[in-house]
Amino acid sequence: MPDISVCVEMVFDDEPFHDRIPRAVAAGADAVEFWGWRDKDLDAVEAAAAEANAPVAAFGAGGTLTDPDQADEAAATIRESIETASDLGCSTLIATTGPDQDGLDRQTQYETVVDVLSDVAADAEDAGVTLALEPLNTEVDHPGYFLTTSAEGFDIVDDVGSPNVRLLYDVYHQQITEGNVIETVTENVDRIGHVHIADVPGRHEPGTGELNYANVFAALDEAGYDGYVGCEFRPTGDPEAAMDAVLNCR
């Protein structure tokens, strides 16, 4: 079964940041992840992760990928994040596209996303870091975001054509946007670099909503997915109990 990563910004948000890392591991996590890195004491993160024997699985790359006027800046931002990930021993950077640009046609924005990711792909390959492009839902959580469907995300991945540029498949977001989760991950597992989980509705732990996560985990395992499954949910109560719900599905 896939290894479990925990987004310590969401699941364990009731204590100081660095204390969350050993707590996540004690609750059953194999690795940890977080959102932005520029506001973090990375030396402290590295020390806490090393002491807990848990790698940092992923964090956010930053940058707006949809605006041609910001393309060079976005590429520079991602390159800095690639270097930071390499220094931290982190295998995956989460790339978000940024907003749908008012007054700019969708094809131009799509091509800009492809251009930025293509520009930095060789850097990611050299560093051994995977850029995982994440579609998000616009109905509940991220109104105005550009990339919503896995199909368009996979098209971008294909157009970039790098083994180090893949999709972050967030089961929660894609259940809201399009459903058909198991067939999608099974048919596209080679293009998926990271997975996020939360139940629908509410973005809580597995077992609180409509998704059968035992079946989702089994499908990932059967398809040969070898990346992390990241817990990115808000526990309904005790975080350790929420982690137990995840582990019981695996």
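Here are a few questions and answers on this predicted model. Local features need pLDDT of at least 70 and side-chain atom pairs count only at pLDDT 80 or more, while totals for chains, interfaces and linings use all residues. Residues are numbered from 1 along each chain as its sequence is written, and side-chain values use heavy atoms, with hydrogens and water left out.

Q: Which residues of helix α2 are buried?
A: Helices here are DSSP runs of H or I with at least four residues, strands are E runs of at least two, and both are numbered from the N terminus. Buried means under 20% relative accessible area, exposed over 50% and partly exposed in between (1.4 Å probe, protein chains only). In α2, residues 42–52, the buried ones are L42, V45, A48, A49 and A52.

Q: Which residue caps the N-terminal end of α2?
A: Look for a side-chain oxygen 3.3 Å from the backbone nitrogen of D43. That oxygen belongs to D41.

Q: Is H196 buried or exposed?
A: H196 sits in strand β7, residues 192–197. Its relative accessible area is 1%, so H196 is buried.

Conventions. A polar contact is a pair of N or O atoms within 3.5 Å; within protein, one must be able to donate a hydrogen and the other to accept it, and residues adjacent in sequence count only if both atoms are side-chain atoms.
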